[in-house]
Amino acid sequence: MENFDFYAPTYFAFGKDREKDTGSLVKKIGGSKVLIHFGGGSVIRSGLLDRVKKSLTEASVNFIELGGVKPNPRSGLVYKGIELCRKEKVDFILAVGGGSVIDSAKAIAAGTIYDGDFWDFYEGKPVEKALPLGTVLTISAAGSEGSPDSVITKEEGMLKRGAGGDAFRPKFSILNPALTQTLPAYQTACGITDIIAHLYERYLTNTKNVETTDRMIEALILAMINEGPKAIKNPDDYDARANIMWAGMMAHNNSCGVGRSQDWSSHAIEHELSAVYDCAHGAGLAVTMPAVFTYTMKHDVMRFARIACNVWNIKMDKSNPEKTAKEGIEALRNFLISIGMPKNFAELGAKETDIEKMAYTCCFGDGSGSGKIYGFTVLEQKDVENIYKLMV
């Protein structure tokens with residue numbers, strides 16, 4: 001295990017009706033003028049936004065609103081939010097929604113107090129300062145409610161890139177599993193897929209002797225295999241929703257990733273799909289992960305064989321561990337299909353004719369990239385093209 005620093009200061013308020021505590025939590029942090037950031041009409045139709053505003057009013061906290069966040073959140077709304085926060089002298093950002101809303105809120109929080117273009121953070125500049133941020137989570141998926149990460153799509157060139165830093169970690173996150181009970185089965189499945197992806201990205205490591213975090217990752221994936229189908233079959237299963245919601249946070253606050261190298265190739269390759277085709281991130285990952293794993297498996301067959309045995313209950317073939325590894329990848333693929341996820345390019349709406357362009361952008365970005373993806377293995381443009389071809 002490698003040396004590491006781990007700082008995770010988020011206060012979690014978990015359970016039914018906890019959104020009613022929003023005002024008191026903002027006030028406790030010291031917020032006095034809040035930007036409520038949200039997406040479309042679901043938080044309005046459900047009454048959640050009104051409950052949050054009532055809580056802020058009862059705590060004598062002033063607020064303004066900015067809605068309109070879309071899946072794969074766009075840079076244009078971030079710029080609008082930064083301008084609004086500066087004009088209104090906002091000192092606290094409150095994200096009410098899922099990962100896209102939280103990611104957009106994080107970008108606004110950093111950009112508001114930064115002299116340059118917020119996109120600098122999405123081109124590699126570390127995030128060291130940001131306005132304090134809180135979240136009221138409505139979708140179990142991205143893990144942004146506990147993570148130091150954010151992903152934004154730059155509309156000029158449709159580049160989807162990530163930024164990170166502990167200043168992005170929310171001061172508090174309100175997690176009420178009941179808020180996810182109205183989600184369509186497809187969105188629930190996308191979220192489960194994203195959670196599993198966050199765990200696999202950490203599991204695929206070149207660091208030796210990381211038994212503790214290996215076991216944590218395996219347990220969380222097993223929880224998703226058990227609880228995911230329950231929530232899809234019965235959307236009102238509060239206990240299944242609760243287990244998924246907490247697993248989503250644990251999967252991406254990096255408690256499972258400390259002391260070990262990590263992969264993130266699947267995310268990098270998928271980001272091009274959701275940037276170009278605006279598909280759901282989880283759906284894109286469902287198609288991407290099996291292809292990436294099939295392509296990189298021989299780098300460390302035993303790592304894939306271990307997860308095949310410990311998670312997917314496949315018997316180890318000691319004479320042919322590669323067979324075991326392949327069966328584990330196929331088991332993952334079949335599980336994702338069983339919960340309603342797409343299995344290939346066609347079901348995503350992706351086009352084989354875009355492969356070369358997407359592979360270039362994945363590796364080189366706007367031309368300033370290194371030309372390589374560094375993770376479990378090193379992938380170059382031709383490798384990425386070959387991985388995309390496995391998805392067709």
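A nonpolar core here means a set of buried Ala, Val, Leu, Ile, Met, Phe, Trp, Tyr and Cys residues joined through side-chain atoms within 4.5 Å. Keep in mind that this is a predicted model.

- The largest nonpolar core has 64 residues, and the ones touching the most other members are Ile 269, Leu 273, Phe 293, Trp 312, Val 384, Tyr 388 and Met 391.
- Leaving out residues up to four places away in sequence, Trp 312 touches Tyr 200, Ile 225, Ile 307, Gly 328, Ala 331, Leu 332 and Phe 335.

**Aromatic rings**
- The model has 14 aromatic pairs.
- Trp 119 and Tyr 122 are a stacked pair, because their ring centres lie 5.4 Å apart with the planes at 15°, and planes under 30 degrees apart count as stacked.
- Both Trp 119 and Tyr 122 are buried.
- Those two also belong to one aromatic cluster with Tyr 79 and Phe 118.
- Phe 293 and Phe 304 make a tilted pair instead, with ring centres 5.7 Å apart and planes at 50°.
- That pair links distant parts of the chain: Phe 293 is in helix 10 and Phe 304 in helix 11 (residues 301-310), eleven residues apart.
- Phe 293 and Phe 304 are both buried.

**The second largest pocket**
- Its volume is about 220 Å³.
- There are 15 lining residues, and Pro 290, Ala 291, Thr 294, Arg 333 and Leu 390 lie nearest the centre.
- Helix 10 (281-296), helix 12 (321-338) and helix 15 (381-391) are the elements that each give two or more residues to the lining.
- Helix 12 gives the most, with six residues.
- By type, the lining splits into ten nonpolar, four charged and one polar.

**Two loop residues with positive phi**
- Asp 17 isn't a glycine, yet its phi is positive, near 65°.
- You'll find Asp 17 in the loop between strand 1 (11-14) and helix 1 (22-29), partly exposed at 44% relative accessible area.
- Met 158 also has a positive phi, near 50°.
- Met 158 sits in the loop between strand 6 (149-154) and strand 7 (159-164), and is partly exposed at 28% relative accessibility.

Conventions
Residues are numbered from 1 along each chain as its sequence is written. This is a predicted model: local features need pLDDT of at least 70, side-chain atom pairs count only at pLDDT 80 or more; totals for chains, interfaces and linings use all residues. Side-chain values use heavy atoms; hydrogens and water are left out. On a 1 Å grid over the protein atoms alone, a cavity is a set of points where a 1.4 Å probe fits but cannot get out, and a pocket is an open set with protein on both sides within 12 Å along at least five of seven lines; lining residues have an atom within 4 Å of a point. Grid points are joined across faces, edges and corners, and a volume is the space filled by probe spheres set on the points. Helices (H or I, at least four residues) and strands (E, at least two) are DSSP runs, numbered from the N terminus. Ala, Val, Leu, Ile, Met, Phe, Trp, Tyr, Cys and Pro count as nonpolar, Asp, Glu, Lys and Arg as charged, and the others, Gly among them, as polar. Buried means under 20% relative accessible area, exposed over 50%, partly exposed in between (1.4 Å probe, protein chains only). Contact means heavy atoms within 4.5 Å. Rings of Phe, Tyr and Trp (its six-membered ring) pair if their centres lie within 6.5 Å; planes under 30 degrees apart count as stacked, over 60 as edge-to-face and the rest as tilted.
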